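Hi everyone, thanks for making the time. I'd like to walk you through one model this morning, chain by chain, and then look at a few contacts.

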Amino acid sequence: MELFDNLALGFVTASTLWNLLFCLVGVLLGTLIGVLPGIGATATIAMLLPVTFQIGDPVSSLIMLAGIYYGAQYGGSTTAILINMPGESSSAVTAIDGYQMARKGRAGAALATAALGSFFAGTVATFLVALFAPPLTKIALQFGSAEYFSLMVVGLVSSIALAHGSVIKALAMVVLGLLLGLVGSDIFEGTPRFTLGIREFADGLNFVAVAVGVFGVAEILRNLENEHDRSVMIRKVTGLMPTREDFRRMAAPVLRGTGLGSVLGILPGGGAILASFASYTLEKRVARNPEEFGKGAIEGVAGPESANNAAAQTSFIPMLTLGIPANPVMALMIGAMIIQGIVPGPDVAAERPALFWGLIASMWIGNLMLIVLNLPLIGLWVRLLTVPYQVLFPAIMAFSAIGVYSVKSSAWDLYSVAFFGFFGYVLAKLRCEPAPLLLGFVLGPLFEENLRRAMILSRGDPSIFVTRPISAILLLAAALVLVVVLLPSVRKKREEVFVEEDA
Amino acid sequence: MNKLSIDPTNGACGAIFVAAGLFFGYQSLGQEIGTAFRMGPGYFPLVLAAILILLGAIIAIQATRVAGEPIGAIAWRGMFFILPAPIFFGLTVRGLGFVPALFFTALIAAFASQRMRPGTALIVALVLTIFSTIVFSYALGLPFQRFGPWLSWVGA
């Protein structure tokens, strides 16, 4: 069968010593930054992006970057359970019941539940990626400019729907992101636009600099607003093995979380955060003991942890098949491909099967490594939590500076980091989410190119976007999402959801 | 009827979007606009800028009606030290070279925390510099000059 041939190729690629090493480095780094609050996967990947160029082999660098992403989901739950603080935003929900379990002396069981649930979800989701990516690729190969344009509209609109807070602000952030993405030479005529006469901006603003500024630097500034101590309650974790009763209670939530997470991960703009939250709500609703939630219910750990890991894996599907990022991390992965000279999109699977399948296979290997890393080595990660933040952030700043400068040795990129750090911080203070801006920034040039190409093909007739069936369906979907988000009842519910998540 | 009061968070937010829209819109007008059939370099950004101004205006108008959340604490000290750090690195990495530029960058950034003591900051910056020089310069072989021309008189 073709699927097994492909998977075999993937495992052969992923299990070369070199690639195993990069996978290990990736998941180690991912766990590390996942455990440490205040530094997320997005900022880390942004910093390491230029370094991956030095690795040379695109397969190895993508394997490593992917490892950081899903590794961070594992690490984040450790912090959530032990100090009631999400190491990653997607593990915010885990903190609710996980921390309560830890207070009752069941930290070991909670950590094991999170790890085993994540491993199961990761395995299933990896298989789903392998199963669904090829047929989607075939559909995507028939896409013309109009379809691509409409698809990007869906992606951008979804990122708005899933951002926190005001819909209209998120919409404005997307538009601003698109405009920032247009800085640089015009693709058709080569005239410089919005460069303010600065020659270094002719190729556009550096994506890494913008990402590091908006996510990394702005995040550090926010953490510096109120400095307070983290108290690590548990220094020694015992009783890792869940009891038979625990296994019985976590089986169904893990299955439901995996299913829910897999579906939500594929949605553009969605991903791990939404998945873990939706799973928690679902578990609370179907549970026979809803009053136990919030007081240390194992279901409240098992479900969301499976869901966020499943979503982290399946969010690779739109990136691999269509070249469309479902979230900022996937946007960075696309950036990594472009740095390596690979054009993201449906051609990747056909032209570089080793890369495509190697990456998929490495995710399963990486998940296996993670469970080994997380359970026996838990003591090491716990000790890491005692590192004070004032030691951490100078390191983050130093690595960011090196990372950004190494892209093309341009001092202007470092000035951009400072500018976008400031800008991102101001916008964050004004309750504007950075994710839609970054998505708009990445898609800006592609969006314009496809729009202009489609309009040339139709001789200036905009009806091309609705007369071509796939394009029309996509636009309809986008309109539907927008209408639903703006409906008063949904709006209210959505506000409740995000308020609860922030708490 | 209502007293005109503007919510500072949303008011400032709307103003920023309008200002950004005006900037991009004005710049686009300097470009060839073209037609919907053959769009010039200015067409698409002009449309986007108009949308951005509109959205900014809506946010600003809403600010007069609904009071939002307060802005909260602002990391003045953080901004004062964190933001200059990458700029300093950009200005000096060629002249001073990778090693000293990185040391001072980390040192500047370290002072952003109120809890940082000078001694600790020096140690943190020193350890970071040694670590980064080994990893990035020697192990990964990034093509940076370790000590730049400004320091040539030291004989390094």
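In chain B, buried residues make up 40% of the 156 residues; buried here is a residue with 20 or more other C-beta atoms within 10 Å of its own, exposed is 12 or fewer, partly exposed is in between, and the C-beta atoms are placed from the backbone. A word on the source: this is a predicted model, where local features need pLDDT of at least 70, side-chain atom pairs count only at pLDDT 80 or more, and totals for chains, interfaces and linings use all residues. Residues are numbered from 1 along each chain as its sequence is written, while chains are lettered from A and ligands numbered from 1 in the order in which they are written.

So what is the secondary structure of chain B? Chain B has 6 helices and 0 strands, helices being DSSP runs of H or I with at least four residues and strands runs of E with at least two, numbered from the N terminus. The radius of gyration of chain B is 24 Å, well over the 15 Å from the globule rule for 156 residues, so chain B is more spread out than a compact globule. That radius is taken over C-alpha atoms, and the rule is 2.2 Å times the number of residues to the power 0.38. Along the principal axes, the C-alpha atoms of chain B fill a box of roughly 70 × 45 × 25 Å.

Thr35(B) is exposed, with 10 other C-beta atoms within 10 Å. Its C-alpha atom is separated by 48 Å from that of Phe81(B), 46 residues apart along the chain.

Now to a helix pair in chain B. H4(B) and H5(B) pack at an angle of about 165°, with their axes 8 Å apart; axes are lines fitted to C-alpha atoms, for helices over the stretch in contact, and angles run from 0 to 180 degrees between N-to-C directions. That makes H4(B) roughly antiparallel to H5(B), a label for angles over 145 degrees, where under 35 is roughly parallel, 65 to 115 roughly perpendicular and the rest oblique. H4(B) contributes Pro84(B), Ala85(B), Phe88(B), Phe89(B) and Thr92(B) to the contact, and among the residues from H5(B) are Phe104(B) and Ile108(B). Contact means C-beta atoms, placed from the backbone, within 7 Å. By class, this contact has 9 nonpolar, 2 polar and no charged residues; Ala, Val, Leu, Ile, Met, Phe, Trp, Tyr, Cys and Pro count as nonpolar, Asp, Glu, Lys and Arg as charged, and the others, Gly among them, as polar.

How many residues does each chain bring to the contact between A and B? Chain B gives 58 and chain A gives 54. On the chain B side, H2(B) gives the most, with 10 residues. That side divides into 43 nonpolar, 12 polar and 3 charged residues.

Over to chain A, which has 23 helices and 2 strands. Buried residues make up 61% of chain A. Last stop: the axes of H7(A) and H8(A) come within 8 Å and cross at roughly 140°, and the two helices are therefore oblique to each other. Leu156(A) and Val174(A) are among the residues making that contact.

Methods. Two residues are in contact if their C-beta atoms, placed from the backbone, lie within 7 Å.
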